[in-house]
Amino acid sequence: MTASTTDEQLLDRAWWKESVIYQIYPRSFNDTNGDGIGDIPGIIEKLDYLDDLGVDIIWLNPVYESPNADNGYDIADYQSIMDEFGTMEDWEQLLDGLHDRDIKLIMDLVVNHTSDEHEWFVNARDPDSDYHDYYIWKNGRADVGGFTGHLGPEDEAPPNEWESFFGGPAWAYDEDVGKWYLHLFDEKQPDLNWENPDVRDEIFEMMEWWLDKGIDGFRMDVINLLSKPDSVTKHDPPLNSTEVWETFDGPRMQEFLDTMHDRVLADRDVFALGEMMGRMDMETAIDYVGRDGPLSTLFHFDHVLLDHGGEIWETNEWTLNDLRDSFNRWQYGLAEDGWNSIYLSNHDQPRLVSRFGNDGEYREESAKLLATLIFTLRGTPYIFQGAEIGMTNYPFDSLDEFRDVETINPVRNALESGEIEDFDDIKHGLRHNSRDNARTPMQWDDSEHAGFTDGEPWIGVNPNHDEINVEAARDDEDSIWHYYRELMELRKDSDVSDVMVYGDYEVLINDHEEVWSYVRTLGDERLLVTLNFAEFESHTWIPEYEVDFNPHDMEAELLLCNYGADERATDVDAEAFDLRPWEARIYRLK
């Protein structure tokens, strides 16, 4: 089967399709003032590094004013910069420095919720204020068990039994108001009421303000949660007949995003990336990111939920077939109408080499293989800071070492309730799953605190920084860092660039337990990518009956191999290969 596109003359080109996006988590990138927290001047200090790496777009995690209940995703002022990160003048210097290097900047847009310290919410606690209806306030229920008395009156239950994504009820009681407000995340992150047109107007004006300052687009946080189900919006107290998952893609979601597009985005050549919670059907996805959709592309969660159990400390086993099936669904599903975002890690996910690769004996080989996958599937590739040097998960030993509320809150609740007896019982799962794995400081060199700060870092530095760091990687021509650069050069500045970006995707041997092979095709141009997800040698081949060409008549020209261009990788027939552990190869088929 082939994920087909139009022919070359009808390619729907866009600058963001041909770009490579690098995500910066500013708190952990580079600290210049010694307070242990990364800052905007620290990013400015590393602009030449980003330019040398070869990225095209920086996605900057939130730097707005925030009390940091959720590390900046609880925004207290959308139009100011957090003191810890610097000033608006620093931010403007960052934007100018990026644009001087032909690098674009997209900002995080967090508009499902604000901080409870935002001026809107402070005013909303007065029921007579015009801001009261900016949030979702509901009456509680009579004593029904469940969350009764939890963070509220002893004899009163929350409006419904929804559990927040960070643990505990999704409602918090406000004594001054005498009602409960909805918070799908932390209780300091009250959800905005998008049913109120004044809320929408305020958000759209804020977006225009940032675009007028010169940014190149937005990454939209949990954007498909804006429209709440009728069971909540039309009833007080809400009906208890819906699950919290039914907040995904609510009844007015398409309307809200279409209006956002028409009001803010339509007349600007900007990039709009939507983070989409839940498992989304393809028809809904195309409504969002098809040619007539309001967004450029989206983040789905299919592949990053494969190893998650029901709780933050629970893990599931996954196979290569599971991973390949997940990506196949999207490669084929958006082939005719839509565009994919290709990522394996970000600030909300563990380190990709520890999760999908081998962070021990084959750390470098598997890190390069995973990079090959990201850059050769059809879609825009994303690099999360540190992936380019193969940073790994952190060896957490106690709950005190964590900083993330998504980890801390559920664990504390479970310890208090007796659901778990001891931290050590769940340590392994937290080491695997926690978002804090991605948030440990960038490892620049082998000095104390990895060159991230002269002070005490806000979260622990991985002890393996003496071996895994930027300085060592740049000095080693065979490093993961240089391999990333080679992939970017192939994708952007070679005679196979178009086929790497726009070519059709065709999977080969869809049930191979160790090897993932696929062909990218554009006109007469074909690339073969073959990846061995195993700690041992594997054999693969091109079955003639699955492709529209005869592999026996093809010559395979090696473009890149994570073991180097040795005789074993170059002297092959196009029809069959023996691959070394975690070996990745890209061939041009002639």
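Arg435 forms a salt bridge (a side-chain nitrogen of Lys or Arg within 4 Å of a carboxyl oxygen of Asp or Glu) with Glu406, and their closest N and O atoms are 3.2 Å apart. This pair links distant parts of the chain, 29 residues apart: Arg435 lies in the loop between helix H13 (427-433) and helix H14 (436-439), and Glu406 in helix H12 (residues 405-417). Helices are DSSP runs of H or I with at least four residues, strands are runs of E with at least two, and both are numbered from the N terminus. Salt bridges that share partners join Asp70, Asp348, Asp404, Glu406, Arg435 and Arg439 into one network.

The model is predicted: local features need pLDDT of at least 70, side-chain atom pairs count only at pLDDT 80 or more, and totals for chains, interfaces and linings use all residues. Residues are numbered from 1 along each chain as its sequence is written, and side-chain values use heavy atoms, with hydrogens and water left out.

Arg435 has 6% relative accessibility and counts as buried; buried means under 20% relative accessible area, exposed over 50%, and partly exposed in between (1.4 Å probe, protein chains only).

A second pair is Arg219 and Glu275, whose salt bridge has its closest N and O atoms 3.0 Å apart. Because Arg219 lies in strand S11 (residues 217-220) and Glu275 in strand S12 (residues 271-275), the pair ties together parts 56 residues apart in sequence. Arg219 is buried at 0% relative accessibility, and Glu275 is buried at 4%.

Arg13 and Glu18 also form a salt bridge, at 3.1 Å between the closest N and O atoms. Here Arg13 is partly exposed at 41%, as is Glu18 at 30%. The whole structure holds 43 salt bridges.
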